[in-house]
Amino acid sequence: MKILVAVKRVIDYNVKIRVKADHSDVDLTNVKMAMNPFCEIAVEEAVRLKEKGVATEVVAVSIGPKAAQEQLRTALALGADRALHIETDERAESLAVAKLLAKVVDDEQPGLVILGKQAIDTDNNQTGQMLAALTNLPQGTFASEVAVDGDKVNVTREIDGGLQTIALTLPAIVTTDLRLNEPRYAKLPDIMKAKKKPMDVKTPADYGVEVASKVSLLKVESPAERKGGVKVASVDELIDKLKNEAKVL
Amino acid sequence: MSILVLADINDGQLASATAHVVAAAKAIGGDIDVLVAGEGVQAAAEAAAKLDGVSKVRVADNAVYAYQLAEPMGALLMELANGYTHVLASASTTGKNVLPRLAALKDVSQLSDVIGIEGADTFLRPIYAGNAIATVKSDDPLKVITVRSSAFDAVADSGSATVEAIDVVVENTQSSFVKEELAQSDRPELGGAKVVISGGRGMGNGENFKLLDGIADKLGAAVGASRAAVDAGFVPNDMQVGQTGKIVAPDLYIAVGISGAIQHLAGMKDSKVIVAINKDDEAPIFQVADYGLVGDLFDILPELESKL
């Protein structure tokens, strides 16, 4: 079967972000960008399923500005077979992304779609679920284990109290949690080979999808700073401060 | 304004998060109904009816809603959402799993992890691991929202709402429950605990987490962990506090052997008082800690336990 993987270009997870002075958004100029960590895990899982002989082809897709092609090349270097870039400079919210991905699912007819559970910039945790709803396919979110078995997939999910395993009929949508796997690094020869792999470029208009959202960003601010605390010298002093100053004991 | 709150159910009982979501619904204002869906959820429905501010509890008690699987829950909410201006759920793994489905089926956006309410259409939510707070306005006809429960105080349980059964039964042929492995603990639930003590990579191994247990028992605290401690296999992942784990805001948070990476801070920096115990006095955790104690946790923890 074919596996479709969605990847997003986001600010690198190690970067300490700055809010723009006019509070319109976070400042992304000259900031290191990378593939969203949860998307890397999605790519890794798809490639492993191919290596196991479960998948025959892995297609990576990204929606965003031209620069997102870098992240698609990374996915190709990690083992994806071909890529699809849907180019837009608009701020594509989860719903628009899910609608575009639903069109791609319709075109490509994958047996499995793997996405990250959330992007570390917007922290929405929505796209996979929305895609499942729009395509009328079952969903296995926050997956820490994915086992394809004939026309079903067993997905072990990280839930608040522990782990839950569900069985889904294929095709299905899976979103990855951090513990699903340990993504590999792309080797130089693979990075060179990835340059020759096919990449289609389309626009949202090609799919007849409107990217604009009814949610507007009014303001972005830095959170309230915690004021620097004090260092105490001993356990006794700590207990005394907690009892008499902070009054939390 | 007419608001539907999806109740969180834990083993047939009403989870504490629901009282926090009702508080958020009260901040929006209007009639508040609570949907209790699951199998064998009468006790949860009765508990929901006692929550202050709730006018009606709607109960969908059927095997198809057991474990609140996303597919039947999305279809049920799709049926019930008509007539409501807002649908709210806690940003628990269930709320996060189910609500985006409803939003997409209704062709509206979803607002995730809301921490502040400025009006019926304007909300505050953290982005970039809590390093920025966005104010967003939704012009969608239906607002679908998950609520960060730690950002709202729970409502009291002196209410008396009416309880009505709903007989909407949807079909689900796409997904089925196989098994669950729940972590057993007598301690308070991490999300709702007044005191949380967490261990990080500095704990060295899983066995050493027992050093936290004695203190947790004395303080009535829940025990958490950093992602590093979970990834190293010291403790199960449901103990993880952080951007990708649980978000907590207890009165007292004690971080032991945790450096204070952005990912971890996202999950605990709204705690009222933060204590850091770490041997590295340059660790970033000290920049957010109200009280820091530099030293070897293997000396400090037994001493702290004996003196509490």
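Reader: What makes about 6600 Å² the area that chain A and chain B bury between them?

Author: Buried area is the accessible area (1.4 Å probe) that two parts lose on being put together, summed over both. For chain A and chain B that loss comes to about 6600 Å², with 54% of it on carbon and sulfur atoms. Asp160(A), Arg179(A) and Arg226(A) supply 11% of the area that chain A buries against chain B, more than any other three residues. The model is predicted: local features need pLDDT of at least 70 and side-chain atom pairs count only at pLDDT 80 or more, whereas totals for chains, interfaces and linings use all residues. Residues are numbered from 1 along each chain as its sequence is written, chains are lettered from A and ligands numbered from 1 in the order in which they are written, and side-chain values use heavy atoms, with hydrogens and water left out.

Reader: How many residues of each chain take part in the contact?

Author: Contact means heavy atoms within 4.5 Å. By that criterion 77 residues come from chain A and 82 residues from chain B.

Reader: Why is the pair Asp236(A) and Lys307(B) called a salt bridge?

Author: The term requires a side-chain nitrogen of Lys or Arg within 4 Å of a carboxyl oxygen of Asp or Glu. Asp236(A) and Lys307(B) meet at 3.1 Å, N to O, so the pair qualifies.

Reader: What does the salt bridge of Glu57(A) with Arg82(A) tie together?

Author: The closest N and O atoms of Glu57(A) and Arg82(A) are 2.7 Å apart. Glu57(A) lies in strand E4 (residues 57–64) of chain A and Arg82(A) in strand E5 (residues 82–87) of chain A, so the pair links parts that are 25 residues apart in sequence. Strands here are DSSP runs (E, at least two residues), as helices are (H or I, at least four), numbered from the N terminus.

Reader: How do you know that E9(A) and strand E13 of chain B pair?

Author: Two strands pair if DSSP finds at least two bridges between them. E9(A) and strand E13 (residues 175–182) of chain B have 7 bridges, in the antiparallel sense, so they are paired. Within this pairing, Ile166(A) stands opposite Phe177(B) in E13(B).

Reader: What confidence does the predictor give?

Author: The complex has an ipTM of 0.94 and a pTM of 0.95. On pLDDT, the predictor's confidence in each residue from 0 to 100, chain B has a mean of 96, and 100% of its residues reach 70 or more.
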